[in-house]
Amino acid sequence: MKSVFYIIICIFLLPLSLCCQSEEESQRLSKAERERLYREDSAALKIGVLPTEDCLPIILAKELGLYDTLGVSVHLRRYGAMSECRLALQDSLVEGAVIDSTLMSLLNSDGEWLHGGLSTDMTWQFLTAKKARISRLEQLVDKIIAADSHGESHRLAELAIDSLLNKGQLVFIVQVEDLNIRLNMLNSGNVDAALLPEPYATRARKQGAKVIGRVRSKPAGVLAMRTEAMQHEARKQQYELFLRAVAIAKDSIRQYGATHYIKYL
């Protein structure tokens, strides 16, 4: 009778035992997978990019498999704001990130820890909201302008209103880092004007925003690379192959046009 009872107990406990073993095995595999992914990520060249048109060649090279074709592992970190790229560089989460030259100079003010590895065609347009009915800079008195907290777009906003401030008139620059939020605030009339790069500027114009044409930045984008990270020979080799892949992507964009690939942003 005892043996029968023992068998019954074993029958009930067997699935529980198998379940526990399966869970332990799954945890071991998950840990091993995490460690593998961490090693791969550590070895890869990590680049921070924005959903802006100047980053298209870097993103397109990934989408077309050009990095793999050339034998270089490149992991792209997609960010929604330049401030996120800045933090990724400062926290050593990436070897390089696309920012603007004004911001890079600001970050290097306490020491040259970044260098410009690649120029990008980043431009900003000064747009006024459809509801604001502003067509001249002089009409920005008591108005609200959205821009980055630092960098070229903030500098452009300051330059645009400099003459008004010198006359003692008030204009307000608000910090709206996320590009999607900045675009939505402009389209909804929550701000009177904004500095936007492409393709956000085009999207704003389609919603009725107007460009104040005489306030526009020259190309000032830059792929800022952490100098310390690029001192290693392996990173230098990765970077050379990375540049080769981006050059091929640029040729493809010139051939077919940016609008053909804009879906990848």
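What is the volume of the second largest cavity? I looked it up, and the answer is about 30 Å³.

**Ground rules**

I am working with a predicted model, in which local features need pLDDT of at least 70, side-chain atom pairs count only at pLDDT 80 or more, and totals for chains, interfaces and linings use all residues. Residues are numbered from 1 along each chain as its sequence is written, and side-chain values use heavy atoms, with hydrogens and water left out.

**Cavities**

I noted the rule before going further. On a 1 Å grid over the protein atoms alone, a cavity is a set of points where a 1.4 Å probe fits but cannot get out. A pocket is an open set with protein on both sides within 12 Å along at least five of seven lines. Lining residues have an atom within 4 Å of a point. Points are joined across faces, edges and corners, and a volume is the space filled by probe spheres set on the points.

I found a count of 2 cavities of 30 Å³ or more. The largest cavity has a volume of about 50 Å³. I read its lining as L50, T52, M82, W124, D148, L179, R182 and P197. That lining divides into 5 nonpolar, 1 polar and 2 charged residues. For these classes, Ala, Val, Leu, Ile, Met, Phe, Trp, Tyr, Cys and Pro are nonpolar, Asp, Glu, Lys and Arg are charged, and the others, Gly among them, are polar.

Then I went back to the second largest cavity. M82, S83, R86, L103, D148, S149, H150 and E177 line it. Helix α4 (residues 82-90) gives the largest share of this lining, 3 residues. Helices here are DSSP runs (H or I, at least four residues), as are strands (E, at least two), numbered from the N terminus.

The largest pocket holds about 330 Å³ of space. Of its 18 lining residues, E53, D54, P57, T120 and D121 are the closest to its centre. I saw that α2 (56-63), β4 (114-120) and α9 (233-256) each supply at least two residues of the lining. The largest share, 4 residues, is from α9. By class I noted 9 nonpolar, 3 polar and 6 charged.

The second largest pocket has about 160 Å³ of space. Its lining is E53, E198, P199, T202, R203, K206, A258, T259 and I262. I noted 3 nonpolar, 2 polar and 4 charged residues there.

I also checked R203 for a ring contact. Its charged end sits over the ring of Y200, 4.9 Å from the ring centre. The rule is NZ of Lys or CZ of Arg within 6 Å of the ring centre and within 35 degrees of the ring normal.

**Salt bridges**

How many salt bridges does a search of the whole structure find? I got 9. Each is a side-chain nitrogen of Lys or Arg within 4 Å of a carboxyl oxygen of Asp or Glu.

I looked at R78 and E63, whose side chains meet at 3.6 Å, N to O. This pair links distant parts of the chain, with R78 in strand β2 (residues 74-78) and E63 in helix α2, 15 residues apart.

Next I took E152 and R155, with closest N and O atoms 2.7 Å apart. They are 3 residues apart in helix α6 (residues 152-166), so about one helical turn separates them. Is E152 buried or exposed? It is buried, at 4% relative accessible area. R155 is partly exposed at 35%. The cut-offs are under 20% for buried, over 50% for exposed, and partly exposed in between (1.4 Å probe, protein chains only).

**Aromatic pairs**

I counted 4 aromatic pairs. Y67 and F242 are stacked, 5.6 Å centre to centre with 10° between the planes. Y67 lies in helix α3 (residues 66-70) and F242 in helix α9, so the pair ties together parts 175 residues apart in sequence. Y67 is buried at 1%, and F242 is buried at 0%. Rings of Phe, Tyr and Trp (its six-membered ring) pair if their centres lie within 6.5 Å; planes under 30 degrees apart are stacked, over 60 edge-to-face, and the rest tilted.

My last entry is a cluster: ring pairs link Y67, Y239 and F242.
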